[in-house]
Every structure is written in C-alpha cells, then in structure tokens.
Amino acid sequence: MNTSSHIADKSAAAAPLIDRASVRWYGARRQAALLMLLYGCLIAACVVSLFHAGDLSLGRKPWQNLMTTAGELSRPSFIDIWFGNPQLEYKSDDGRVLRVEDQRASEARFLASLGGAIWTTLKIATLGSLLAAILGAPLGFLSAKNMHAPWPVAWFARRLLDVCRSIHTLVFGLLIVGIIGLGPMAGILAIALHSMGTWGKLYAESIETLDMRPIEAVRATGATPIQVFLFAVWPALLPNFISNHLYIWEYNIRDSTVLGLIGAGGLGLLLSEAVSLFQWGRLATLLIAIVLMVVAFDALSRRIRASVL
C-alpha cells in the first residue's frame, strides 16, 4: 500500500514537470513557425517589389551573352607563354601597323606581376587577420557574459564589435585610403577593423560555452583576472582560437583580392585593369590564380586543424 502511494506521489510530482516541458516545446515550435512565416513574407515582399520595379529581367539575350563571355574566358592568357605570337601586330583602322609585340614576353611580364600581386594579397590578409585577433580577443573576453566584466565595459565592447561587423571591409578601405593614402597598409587596416568584429564575437561565444567549474576553481584561489585568463580560460580556448583564426584568415584571403579595386594593391588592382581593358584572357588567368590560392590554403588549414584539434 505504501509502495503504491509512493509511486502515485512521484507520478503526481512528475506531471507538472512534463506539462511545463510540453508547454516549452510547443512554445518553441510556435515561435519557429512564426519566424518562418515572417521570413516567407519578407521573401514575397522582395520578389513583388522587384517585379513591380521591372528589375527581375535578365536583360537582352542573356544566354547569348553568357556563351560569349564563357568563350572569351575559356582561353586563359597564361598559355601565351608557350603559344603566343612573338610578332603580334597591332594595326589601325586603315591597316597601318602601330606596334609589334612579343606576346610571350608580354605574358611573362604579366605573370611576374601576378606573382607579386599574390604575395601582396597574402601579406594584406595575413597581417590584417593577425591584427584583428590582437584587437578582437580582449573585446571578446570583456563582452562574454560569463566573464562578469563591469556592465559599462561589457556594453561598450559588444557595441564596438557590432559596429566593426556592420561596416564592410571595402567601406573601411575607402575611409582609410582617404586618411593614409593608397597602398597595402590601407588594406591591412581595413581587413583588421572589419574582422575584429567577427573575431571578437566568435571569441565571446567560445568563452560562453566553456565549463565554468575550472574557471571558478582558479578564481577561488584568489587569482587576478589576468591569471584566470592565462591559466583557466586560454588553455580551454586554444583549439577554438586556432580554428576561428584559420577560418577568418581564409575568408580574408578571398576578401583581400578585391581591395585592390580601391587602391590597396594586390590581385584586386590587376582584376580592375583586366576588366577595364576587356582583357578577358588575363581575367581568366587571375580567377584561376585566386581559386588555386584559396584551395591551397583550405587544404593547408584542414591539415593544421586535423593535427591540432
């Protein structure tokens, strides 16, 4: 009899817990459904707006233009180093020879400049990513909720990271070029300021997912905040730090390829020249170089992650 009443009491006590769990589950489902509905309404509004403005058109003869562009890009210029015309003549409309060019020598000079541009792009991405990590790490530490930083300091750190993430790298680049002038340093600072926001946010999220028991144990010994960071937080964060830094570094390699469009140098400058002069063969060579560079770095970062994590 006592056993039956004990089981009944446990069942009665567990019933409110099950009911609360069910309520939370159904509440989460309703919230997700509402968000999906709002997202669908946003998509519909975008499509209707573009349709009424006449901006859904693909232009005149899109397939013909696509095939023409594909044909022009199908012959990368780097093959001219072997098969180029050593006596390429440029003629005027009336047939007069304006100049004669060795296409092989010209392409060799272009490939040499391409190598220098790749190196400049790597310098911009590498130093910009490193500076972003140096600037973003303390801000991420301060903005993490479980680090219990003073409220004004934590609020300022979060808002500063939000501002940096909100402003695109190209916008930062335009501002910095106007301040310090053209050159790779403008690209490095633009990469660093934008990536600082992303880096700090990822860093704060990594800290917030930590097991706080070892950290509280170190705090209980009377350790200073710096000692807590060095001996409790940093060892647990190191794998995520490496993974996040490799991700941001890889992203910045792609992002820095376009900074030359605003005068930061690197591959972007050659891309701008090729498009402006309708040199589609050289544009194809540049695109191949960018893809190979990103693929090589991705393979390297995967190997580093596998060996460290």
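I started with Phe278, which sits in the loop between helix H10 (267-276) and H11. This is a predicted model, so I'm reading computed geometry throughout.

Gln279 has a relative accessible area of 28%, so I have it as partly exposed. Which residues does Gln279 contact, leaving aside its neighbours within four places in sequence? I found Glu273 and Ala274. I then looked at Ser77: Gln279 is 202 residues from Ser77 in sequence, yet their C-alpha atoms are 8.8 Å apart in space.

**Entry: Thr285 in H11**

Moving on into H11, I picked Thr285, which is found in that helix (residues 280-308). Buried or exposed? Thr285 is at 4% relative accessibility, and since the cut-off for buried is under 20%, I put it down as buried. I listed what Thr285 touches, not counting residues up to four places away in sequence: Pro76, Ser77 and Phe78 in one stretch of numbering, then Phe110, Leu111 and Leu114.

**Entry: the whole chain**

I stepped back to get the overall layout. How many helices and strands are there? The protein has 11 helices and 2 strands. Along the sequence I read the pattern as α-α-α-β-β-α-α-α-α-α-α-α-α. Of the 309 residues, 31% are buried. I also looked at contacts with a separation of 6 or more: 68% of them join residues 24 or more positions apart.

**Entry: H4 against H5**

I looked at how helix H4 (residues 103-143) packs on helix H5 (residues 151-166): the axes are 8 Å apart and the angle is about 130 degrees. That angle makes H4 oblique to H5. I noted the crossing of H4 and H5 as left-handed. Which residues make the contact? On the H4 side I have Leu139, Gly140, Leu142 and Ser143, and on the H5 side Val153, Ala154, Ala157, Arg158, Leu160 and Leu161. By class, the contact of H4 with H5 divides into 7 nonpolar, 2 polar and 1 charged residues.

**Entry: H8 against H9**

H8 brings Pro214, Ile215, Val218 and Arg219, which meet Val228, Ala232 and Val233 of H9. I sorted the contact of H8 with H9 by class and got 6 nonpolar residues, no polar ones and 1 charged.

**Entry: Gly173 in H6**

Gly173 was my next stop, and it lies in helix H6 (residues 169-180). Gly173 has a relative accessible area of 1%, so it is buried. What does Gly173 touch, not counting residues up to four places away in sequence? I found Ala190 and Ile262. I also checked Met185: it is 12 residues from Gly173 in sequence, and the C-alpha to C-alpha distance between Gly173 and Met185 is 9.8 Å.

**Entry: cysteines**

Last, I checked for disulfides. The test asks for a pair of cysteine sulfur atoms within 2.5 Å, and the count comes to 0 disulfides. I looked up how accessible two of the cysteines are. Cys41 has a relative accessible area of 44%, so it goes down as partly exposed. Cys46 is at 42% relative accessibility and is likewise partly exposed.

Methods: Residues are numbered from 1 along each chain as its sequence is written. This is a predicted model: local features need pLDDT of at least 70, side-chain atom pairs count only at pLDDT 80 or more; totals for chains, interfaces and linings use all residues. Side-chain values use heavy atoms; hydrogens and water are left out. Contact means heavy atoms within 4.5 Å. Helices (H or I, at least four residues) and strands (E, at least two) are DSSP runs, numbered from the N terminus. Ala, Val, Leu, Ile, Met, Phe, Trp, Tyr, Cys and Pro count as nonpolar, Asp, Glu, Lys and Arg as charged, and the others, Gly among them, as polar. Buried means under 20% relative accessible area, exposed over 50%, partly exposed in between (1.4 Å probe, protein chains only). Axes are lines fitted to C-alpha atoms, for helices over the stretch in contact, and angles run from 0 to 180 degrees between N-to-C directions. Angles under 35 degrees count as roughly parallel, over 145 as roughly antiparallel, 65 to 115 as roughly perpendicular and the rest as oblique. A crossing is left-handed if the near helix is turned anticlockwise from the far one by less than a right angle, and right-handed if clockwise.
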